[in-house]
2 protein chains.
Amino acid sequence: MPTFDRIQYPGFQDKIMTAEQAAALIPEHANVGMSGFTGSGAPKEVPLALAKRIEELHAQGKEFKIGLWTGASTAPEIDGALAKVNGINMRMPYQSDPIARQRINEGSMQYCDIHLSHVAQFVWFGFYGKLNVAVVEVTGVLPDGRLIPSTSVGNNKTWLEQADMIILEVNDRQSMGLAGMHDIYYGTDLPPRRKPIPMVKPSDRIGEPYLRCDPNKVIAVVPTHKSDRNSPFKPADAEFVQIAGHLIEFFEHEVKKGRLPANLLPLQSGVGNIANAVLAGLNKGPFENLTAYTEVLQDGMLEMLRTGKLASASATAFSLSPEAEKEFTENIDFYRDKVVLRPQEISNHPELIRRLGLIAMNAMIEADIYGNVNSTHVMGSSIMNGIGGSGDFARNAYLSIFMAKSSAKKGDISCIVPMVSHTDHTEHDVQILVTEQGLADLRGLSPKQRAKVVIENCAHPDYRPMLKDYYERALKTAPGKHTPMLLDEALSWHQRFNDTGSMKP
Amino acid sequence: MPTFDRIQYPGFQDKIMTAEQAAALIPEHANVGMSGFTGSGAPKEVPLALAKRIEELHAQGKEFKIGLWTGASTAPEIDGALAKVNGINMRMPYQSDPIARQRINEGSMQYCDIHLSHVAQFVWFGFYGKLNVAVVEVTGVLPDGRLIPSTSVGNNKTWLEQADMIILEVNDRQSMGLAGMHDIYYGTDLPPRRKPIPMVKPSDRIGEPYLRCDPNKVIAVVPTHKSDRNSPFKPADAEFVQIAGHLIEFFEHEVKKGRLPANLLPLQSGVGNIANAVLAGLNKGPFENLTAYTEVLQDGMLEMLRTGKLASASATAFSLSPEAEKEFTENIDFYRDKVVLRPQEISNHPELIRRLGLIAMNAMIEADIYGNVNSTHVMGSSIMNGIGGSGDFARNAYLSIFMAKSSAKKGDISCIVPMVSHTDHTEHDVQILVTEQGLADLRGLSPKQRAKVVIENCAHPDYRPMLKDYYERALKTAPGKHTPMLLDEALSWHQRFNDTGSMKP
């Protein structure tokens with residue numbers, strides 16, 4: 001096995017091994033903390049080898065499952081492969097993989113869906129038990145043993161510190177130009193010893209460019225050569241462009257009213273095509289010298305950095321299309337001083353989100369007429385992905401915005417419903433709802449006032465009369481008129497969809 | 001009218017007037033920010049005079065309503081009197097008055113129920129429109145015009161700064177010994193100019209002992225002589241004592257496991273008899289040198305300060321029984337350096353709650369088997385009080401605990417239900433549930449695992465078989481097994497209560 005020129009710490013030379021050899025070192029029932037936030041920076045080989053090992057053990061009738069903790073979603077090589085062989089007992093804190101989702105929804109895999117800012121501290125507190133193994137992808141190892149992080153930071157700092165055993169994947173497909181782009185803050189602590197986090201603007205660097213790592217805990221170093229799982233970029237469809245248009249019009253209005261500065265406030269933008277559409281709109285819009293303090297940098301934000309609309313961007317991970325990844329790598333020197341990648345406990349930290357005053361823009365599955373938002377469940381019972389960082393941002397932001405198309409499944413699902421089938425963001429945390437139909441500004445409104453503006457501005461015209469009818473009957477007959485609801489009808493739209501395939505009667 | 005020896009600022013002498021004269025200066029449709037947090041420190045005379053004026057105007061067929069903003073709940077002289085004459089258009093951010101509640105639930109008064117930490121900043125941001133008038137009770141006015149705060153701070157700093165017109169009530173029933181107990185932080189700002197809040201322990205003083213006030217905005221100074229509305233202290237009943245017992249056992253267990261320091265972490269304790277019972281339990285318990293960082297200081301915390309169990313306490317208001325208030329006033333020199341009263345944006349600030357690592361203990365109306373909590377609504381439609389600070393604390397605390405008796409209305413209501421009829425704290429924010437039956441530790445559990453422990457440990461035995469039956473049928477038939485629910489049955493317990501007066505079949 002050749003030594004590998006990115007592994008410059010001498011003490012690691014005799015720990016270089018294959019993914020299979022490394023995977024064999026992971027004990028049964030271990031809690032394993034893996035790198036990865038979206039497809040970026042996830043280990044590429046050890047999880048696949050572990051899945052193979054588990055498959056073989058299961059074929060021999062032996063039990064073998066791990067607890068899998070990550071930054072957020074990962075890639076098919078992790079969630080997909082390990083879920084396929086039924087190798088995961090408990091999954092935390094977020095996933096978006098089709099096979100993992102199926103496992104969870106069929107009941108063969110446990111899933112604990114956690115605010116992403118909470119994960120690191122709860123592991124430090126010991127609330128989730130012992131973390132046994134860390135499997136972390138890095139770009140390289142410095143001569144002194146410190147690690148050049150990869151395309152995401154996520155919870156890697158915590159995994160490296162908390163795990164007893166560390167397996168490193170050193171991926172030479174990640175650009176060495178990433179070195180210097182990261183900012184790993186080592187000032188966190190357990191209460192009662194916590195101090196203020198010394199950041200006052202999104203571009204501040206408050207930590208170190210490299211991850212610390214106790215070399216004595218490293219049990220394996222696996223060279224890899226594989227790209228991140230990158231999702232193709234989809235151009236925005238008409239409804240997404242309309243949503244972006246409503247939002248930009250709203251921002252212009254807020255600037256005019258003096259409620260936002262001319263260059264807005266730091267942008268947080270969820271992952272997905274709706275977010276890319278909003279970013280594309282902002283890129284063509286009237287606002288200059290913007291900043292971003294967000295979880296994930298998608299194509300749209302890189303584009304805005306290129307055009308100069310965006311002065312700087314802070315995140316914990318990239319999530320790029322193959323084309324954007326290529327452009328980014330080729331021009332990495334341009335991006336290095338404009339991008340900061342941080343641990344997710346910092347990118348999503350309530351203290352910083354509140355201080356910086358973010359504009360939080362997140363997608364939702366559905367909202368109800370009173371402004372409660374469901375981000376995680378389909379028809380109440382089935383998980384889609386998870387809450388991710390949306391709660392961290394929505395609760396603490398300057399402005400909390402949720403977006404969706406007003407209908408889904410060719411019109412058979414209304415995304416505005418009498419009552420959400422699962423609540424992730426309560427009426428107290430939702431200020432602005434946007435669909436392609438329009439924007440509802442819920443700030444300072446009572447539930448009844450909200451209902452009117454949500455139905456009028458956001459609901460799809462096919463469902464508007466049904467929502468009005470529900471609301472009016474609820475107002476007439478509910479025992480309380482503060483948040484009038486018909487208990488026996490509030491979830492009937494979801495039931496009807498389950499029964500007939502459509503929320504329409 | 002005599003000048004008043006607590007009003008030492010010369011410029012106010014010619015502004016001294018009666019409550020009736022002051023109330024006459026409040027314009028129609030004004031947004032009025034009043035002091036008051038629980039019954040403490042609320043203005044005593046001007047709101048009553050305003051209510052009288054409104055009643056007379058209404059009798060003449062004239063419209064007159066105000067927007068009423070406060071710290072939190074107030075007293076019958078404000079909420080009760082103004083609601084009775086139907087004088088409130090929009091009420092924010094919290095109330096607990098029977099007449100106001102009735103108005104809201106009959107639909108004749110709008111109510112916007114807001115996280116208490118959000119209120120000041122949203123007013124600063126301009127999200128709620130212009131604040132026209134501040135009506136603030138103070139203990140006295142210094143020669144330079146600064147104000148000695150009263151028994152609560154609440155949003156008074158913001159009201160005094162944001163309102164165009166200020167009416168002061170100077171209440172000589174409040175002890176001059178309060179001077180020096182307050183800590184008014186003037187370091188807040190609007191983003192993007194915000195800085196870290198320099199507090200690292202609950203007893204830190206980071207501000208000034210007095211409220212600043214632009215004397216040119218003061219249009220009236222009204223001497224008053226009236227006690228705060230104080231609620232009688234109720235000794236804990238058996239169930240409350242059991243809840244306290246479960247909690248203390250849990251804390252001992254956490255200390256043993258190394259997940260809590262021996263003197264715990266700063267305590268936050270909601271208002272009410274359940275909170276007092278827990279504090280009484282802690283006062284007899286094994287923990288020494290405790291601290292509190294909370295919203296409201298009740299009898300229980302004063303008692304703990306006296307016994308020395310509690311080293312210091314930070315809050316935004318007192319809420320004492322008449323006996324405790326008497327004891328407090330007589331021994332105010334003992335309490336002055338042990339108690340800090342702060343603006344509620346600081347007492348409830350996410351940055352500080354997270355940094356200090358609070359143990360958040362709040363009451364709830366109901367929880368569901370998956371760990372969602374309803375703090376605000378009765379049977380979905382009717383408001384009880386409001387979310388208050390519970391969300392500020394639960395989301396950002398080290399430990400997030402919710403407590404209730406397992407049943408109410410002589411057993412006709414189960415406080416553990418298949419699905420909460422309104423969600424204020426989502427599954428992502430609830431770690432520990434406690435009833436007199438026992439304690440459910442939900443940390444790191446999937447929804448299905450939570451359901452088992454909630455039903456087993458917290459539900460009332462009368463309802464346990466029904467809950468098990470619901471859960472098992474949901475698990476069998478729901479399309480998704482992540483959070484199995486029966487859409488057409490999830491809210492049927494509430495409907496049954498509305499129909500028959502009992503959740504029992």
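**Loops, aromatic residues and overall form of a predicted model**

B:P192 is found in the loop between β7 (165-171) and β8 (218-224) of chain B, where helices (H or I, at least four residues) and strands (E, at least two) are DSSP runs numbered from the N terminus. The structure is a predicted model, in which local features need pLDDT of at least 70 and side-chain atom pairs count only at pLDDT 80 or more, while totals for chains, interfaces and linings use all residues. Residues are numbered from 1 along each chain as its sequence is written, chains are lettered from A and ligands numbered from 1 in the order in which they are written, and side-chain values use heavy atoms, with hydrogens and water left out.

The peptide bond that leads from B:P191 to B:P192 is cis, with omega near 10 degrees. In chain A, a cis peptide bond joins A:P191 and A:P192, with omega of about 10 degrees, and A:P192 lies in the loop between β7 and β8 of that chain. The loop between β7 (165-171) and β8 (218-224) of chain A also holds A:L190, which is partly exposed at a relative accessible area of 26%; here buried means under 20% relative accessible area, exposed over 50%, and partly exposed in between, with a 1.4 Å probe and protein chains only. Residues up to four places away in sequence left aside, A:L190 touches A:W124 and A:F125, contact being defined as heavy atoms within 4.5 Å.

A:F125 is buried, with 4% relative accessibility, and A:F122 is buried as well, at 6%. Both lie in helix α5 (residues 119-125) of chain A, three residues apart, which is about one turn of the helix. Across the whole structure, 30 aromatic pairs are found over all chains. The ring centres of A:F122 and A:F125 lie 6.0 Å apart with their planes at 50 degrees, so the pair is tilted; rings of Phe, Tyr and Trp (its six-membered ring) pair if their centres lie within 6.5 Å, and planes under 30 degrees apart count as stacked, over 60 as edge-to-face and the rest as tilted. One aromatic cluster is formed by A:W69, A:F122, A:F125, A:F127, A:Y128, A:W159 and B:Y398.

Leaving out residues up to four places away in sequence, A:N498 touches A:M379, B:P479 and B:L487. A:M379 lies in the loop between β18 (377-378) and β19 (382-383) of chain A, is buried at 8% relative accessibility, and has a positive phi of about 50 degrees although it is not a glycine. A positive phi, near 55 degrees, is likewise found for B:K410, a residue other than glycine, which is placed in the loop between β21 (407-408) and β22 (413-414) of chain B and is exposed at 88% relative accessibility.

As for the overall form, the secondary structure of chain A comes to 17 helices and 25 strands. With 505 residues, a compact globule would have a radius of gyration near 23 Å, and the 23 Å of chain A agrees with this; the radius is taken over C-alpha atoms, and the globule rule is 2.2 Å times the number of residues to the power 0.38. Buried residues make up 67% of the 505 residues in chain A.
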